[in-house]
Amino acid sequence: MSAEQTDNMGMHKLSDTEQRLEDNFQAIDEEFSDRGVNIRWKGADRDGIIDSSEAIKEVFLTGAFSIFIPKGTYLISKNLTIGTDKKIVFGRKARLKPAAGVTITLNCAIDAHLDDWIFDISAGGIINGSMKVNDITPEWFGAKGDGVTDDAPFIQAAVNSHRLGGNKISFNGMKTYKINSELQFMVDRHTIDGHGCTLDCSGIQSGQAIKITSSLTGSNKNEHGIKDLILRGSNRENVIGINMDGSDGKVLNSYYFERINIRDFVTGVRIYSNAYIVKFHSVNIVSPIGVCVYIPAGGTNYGERIVLDDCTLFDSKEGLRNENGSSTVMLNKVSVDYCYRAITITAGRVFAVNCHFECSKNKTDQDNQFYVSGDGGSLHIVASAILMGGNWEKYSIGYVNQTKGNETHYGGLLIDNCSIEVDYNNYNRKFLVDGEGRVLLSNITSYFNGLRGVRIANSLNHLADGSFESSNPLGQWETQYELPIISNTNPKEGKQSVIFQTTLRQQMFVDLPYRVPQKINISYWINIVRLEVGNTLSVTLSYLDSNKNVLSNVRVTHKTIQEWTQIRWQPGPAVPPAGTLFIRLTFDTAGWQQGSEVYLDDVYIYCI
């Protein structure tokens, strides 16, 4: 029959069934080609009893690029290295199990499902190398992420396998990984991507949840970090969340933390020896029993260029503590909210720009919000909001100690272009900032007028002894007419106050230097026990020229009977007379009828 006839009859065409079989065989061939040589073809034991390392080596001899590991557990009893010219394809439920003391070094490509368990390290073997993959997962090493099983050994095995860096350790963002022992990550090798997962470290009894280390003795040229996870402790007093410590001489520079929540550790993050150039972005830290970020004293070569950007330090005993003299900490768009103390500085420098500091009512008056002391410690707060509500009786908003060697080390507190809100009626401390150290305030606003007449800082007071407690309490004051009396019968605080009570005229005044455009704030406490009709106590602020001639006066008078009351006064005019170089504050009775008795205490004058 002719070919045309046979074609018409369909005699040499494959049947539909045959064609399907042909397509299936072709698909199988393509799959085998993609998967590579099956190690079971070379005698590998999938039950994990007999050593399969020789079978895998025989696969190498075939010259195949891909090696296929089918379902089963394959014991590897001899050290094994798979080079960069190979690829291992893992079937589902397929895994390699190195025996105790055996190392499988993988420098090849890996094709495996990210959620599969492909490396069984239960016998004590090791997986390492430089795998040619974008992501290594803890699940590959046996982690479950069920919130119950201790996944720390499997996570650490995944991290340790990442010997030369270049790819990242990726977690399943839907899971909670139970961590009962310390994890270690290296700044020069490990990028950790949590994808939103939780590391539950509540089972750790002491030490730290994560220790940041390094393999370098010189500067780190890479940039790795930790991002997108929740690190949770259980408020144990001796457990740190993240500890950066190169006390072994290894350098921990250029590491970042991004979009992390760290909560319930005695210290959220500790930065110590050889740790510098550390960046925090969108990191939230809560340490109810301790400090969010801690830079202790005593280490070497650390603390420079620590940057917190768009972070929140919240609901903690202390927000930031810096004790290292060479540290420079920069806060940008950071919120320090509802902490008993926002910042402590005993050394070093902290700069806060565009920040928000707020103390909740339940933490009000438990501690100073800003505490600066030590050898040259300085805190600069610029273009920020400071909101301090509630009653303040025991503590002032800030405390600045006289720094050691202050003639050389000009530390202290600088607040510039900030809004400070305090409750005017409930702020009952002498000063906004206590202590004898340096305090500089400029361009301060207060939307609710809470700072009206508040005494800013003891260190800004132009009077040597505003409380009349020294051995020569009127030494800075000049007097005319009858000398005012120092009395211990009715002091506001301490042991002494001034009493005006004679029928003769009594006057005391003090001259202080003044420079435009300084703002003048005056405050004093007065107690009018008795005051006859027609009697007044006048208080006058005079503006003086270089020869102390009076250019103008501003005066207030007191004539109403009252108990101890604080007077806060910001005298005008808004623009002092031209040529003003001094100011004079005068208290004057102008002569009284008998029976009057007025006490004066805690006089403070600020020219800011």
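A: Start with burial: buried means under 20% relative accessible area, exposed means over 50%, and partly exposed lies in between (1.4 Å probe, protein chains only). Tyr338 is partly exposed, with a relative accessible area of 30%. Now the ground rules. This is a predicted model, where local features need pLDDT of at least 70, side-chain atom pairs count only at pLDDT 80 or more, and totals for chains, interfaces and linings use all residues. Residues are numbered from 1 along each chain as its sequence is written, and side-chain values use heavy atoms, with hydrogens and water left out.

Q: What is the phi of Tyr338 near, and where is Tyr338 found?
A: First the general idea: most residues other than glycine have a negative phi. Tyr338 has a positive phi, near 60 degrees. Tyr338 sits in the loop between β29 (335-337) and β30 (341-345). Strands are DSSP runs of E with at least two residues, helices are runs of H or I with at least four, and both are numbered from the N terminus. Asn354 also has a positive phi, near 55 degrees. Asn354 lies in the loop between β31 and β32 (356-359). Asn354 is partly exposed, at 42%.

Q: What is the strand order in the open sheet of 10 strands?
A: Two strands pair if DSSP finds at least two bridges between them. The order here is β15-β17-β19-β21-β24-β27-β30-β33-β36-β39, with parallel pairing. β15 (183-186) and β39 (433-434) stand at the edges with a single partner strand each, so one side of each has no neighbour in the sheet. β15 pairs with β17 (residues 207-213) over 4 bridges. There, Met186 has Thr213 as its bridge partner.

Q: Which strands does β34 join through bridges?
A: β34 (residues 378-382) runs parallel to β31 (residues 349-353), with 5 bridges between them. Arg349 is partnered with Ser378. Another 5 bridges join β34 to the parallel strand β37 (residues 412-416). Here His380 stands opposite Leu414.

Q: How many salt bridges are in the whole structure?
A: Side chains of opposite charge can pair when their charged atoms come close. The cut-off is a side-chain nitrogen of Lys or Arg within 4 Å of a carboxyl oxygen of Asp or Glu. A search of the whole structure finds 22 salt bridges. One of them joins Arg232 and Asp200, at 3.5 Å from N to O. Arg232 lies in β18 (residues 224-232) and Asp200 in β16 (residues 191-200), so the pair ties together parts 32 residues apart in sequence. Arg232 is partly exposed, at 31%, whereas Asp200 is buried, at 8%.

Q: Which residues form salt bridges with Asp511?
A: Asp511 forms one with Lys548, the closest N and O atoms being 3.4 Å apart. Asp511 is in strand β44 (residues 506-513), and Lys548 is in the loop between β46 (537-544) and β47 (550-558), 37 residues apart. Asp511 forms another with Arg584, at 2.6 Å between the closest N and O atoms. Arg584 is in strand β49 (residues 582-588), 73 residues from Asp511. Asp511 is buried, at 16%.
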